[in-house]
Every structure is written in C-alpha cells, then in structure tokens.
Amino acid sequence: MGDTALKVTLDPETAHPMLLVSQDNSSVRWKSKWQQVPDTPERFDYWWCVLGREEFREGRHYWLVEVEGKWLKDSRWAVGVAKASVKRKGHFKMSPEEGIWAVEYYEGLLNSLTSPPTSLSLSPIPTRIWVCLDCTQGQVSFINADNGVEIFTFTAASFNGESIRPWFWLRTKGIQLCLRDSTL
C-alpha cells in the first residue's frame, strides 16, 4: 500500500491493574503484582486488557504491533480492536458478540477470537502484526508484517456506528506488546 501507519498509543486509564503501560504509552507488559491505580469505570478489572486512546468511526486505519521478549509455549496475548463501549468490569467472552475482533496466541497456536475460536495454522508464528481496520466495509484484518501474508480477516463486523478502539490483551511475564511506526 505504501501508506504510513497510524500512530496509535495506549490508554493507561483503561489498563488492568496488572498491566504496566510504558511512559510514552507505546508498549505494555504484564506485572505479577497488582498496581495501586484508581478503579474507574474505564479500567478493565477482570481480563488483562488495555485499549488504545484513538477512536475510529469511519475510513481505513492500520497500525503495527510487535511482540517482544521471550516467548514460551504458555505465553498468552491477543491484539485487535474493540467497540469503545466494550465491557470493562467482570468476566466476558472475548468475541465479536462482545464487541472484540482479535487474534490470540495461546499454547503455541494463533487463533482468531471467533465464536468458537478458530485455530490458524501458521508457522512460524508472526511477531509483527498489522492490525487493519476498515470501518466503512466492517472489516478487521491481521497481516504478518514480515511477509505480507494475511493471517485472518473478520468480515461483516457489526460496529453499528460505534467508535472502535485498538485492543490488547496480555497474560505473560517476559514479553511486551509494542506499537511501532512503520509503512505498510
């Protein structure tokens, strides 16, 4: 495409108390200790999630996420998008029905968080992923940034005119999810 990726930043006000967002809001890592942060309505309190600050209602947008650190088979992380109104409190299913469109790494496999999750047979597992949001078409695509191969695409996503935000989930020590500047 040759287009420049969007500069996306994390919103620490939404971060679960066990997630530590970097000072420049460009990366997040999991802490084994609960941090003393205010329990606001915006903050996730069950799942280890954080949202991006940016909100989108129209047009096409994409950003690059890099997974850094020591991967283990039991590493767990996910990247994607969520409705701005996504549930923040208590348990919920990470799925399109709940307003989340994402891919997840779990037990050595990459899955799309469809209902039920779909296993994606990829080898090697990508460490740099383009998240591509098309509000007009109702599509969310994930592309391996190293070789340009499509990982998965959600089509006919029902955004219902709601704002969409970048979404991240992390449940592993030793790795971090980083937002990178790059060209698609």
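Reader: Hi! Which strands each supply at least two residues of the lining of the largest cavity?
Author: Those are β4 (60-69) and β13 (175-180). Keep in mind that this is a predicted model.

Reader: Thanks. And which residues line that cavity?
Author: The lining of the largest cavity is made up of Leu6, Lys7, Val8, Trp63, Leu64, Leu179, Arg180 and Asp181.

Reader: How many cavities of 30 Å³ or more does a search of the whole structure find?
Author: Just one turns up when the whole structure is searched with that cut-off.

Reader: Switching to cysteines, how many disulfides are there?
Author: The count is zero, with a pair of cysteine sulfur atoms needing to be within 2.5 Å. Cys132 is in no disulfide, and its nearest cysteine sulfur, that of Cys135, is 12 Å away. Likewise, Cys135 is in no disulfide, and for Cys135 the nearest cysteine sulfur is that of Cys132, 12 Å away.

Reader: OK, and is Cys132 buried or exposed?
Author: Cys132 is buried, as its relative accessible area is 11%.

Reader: What about Cys135, buried or exposed?
Author: Cys135 is buried too, with a relative accessible area of 12%. The cut-off for buried is under 20%, so Cys135, at 12%, falls within it.

Technical notes. Residues numbered from 1 in each chain as written. Predicted model: local features only at pLDDT ≥ 70, side-chain atom pairs only at ≥ 80, totals over all residues. Heavy atoms only, no water. Buried < 20%, exposed > 50% of the residue type's maximum accessible area, 1.4 Å probe, protein only. 1 Å grid on protein atoms, 1.4 Å probe; cavity = no way out; pocket = protein on both sides within 12 Å on 5 of 7 lines; lining within 4 Å. Points joined across faces, edges and corners; volume = space filled by probe spheres on them. Helix = DSSP H or I, 4+ residues; strand = E, 2+ residues; numbered from the N terminus.
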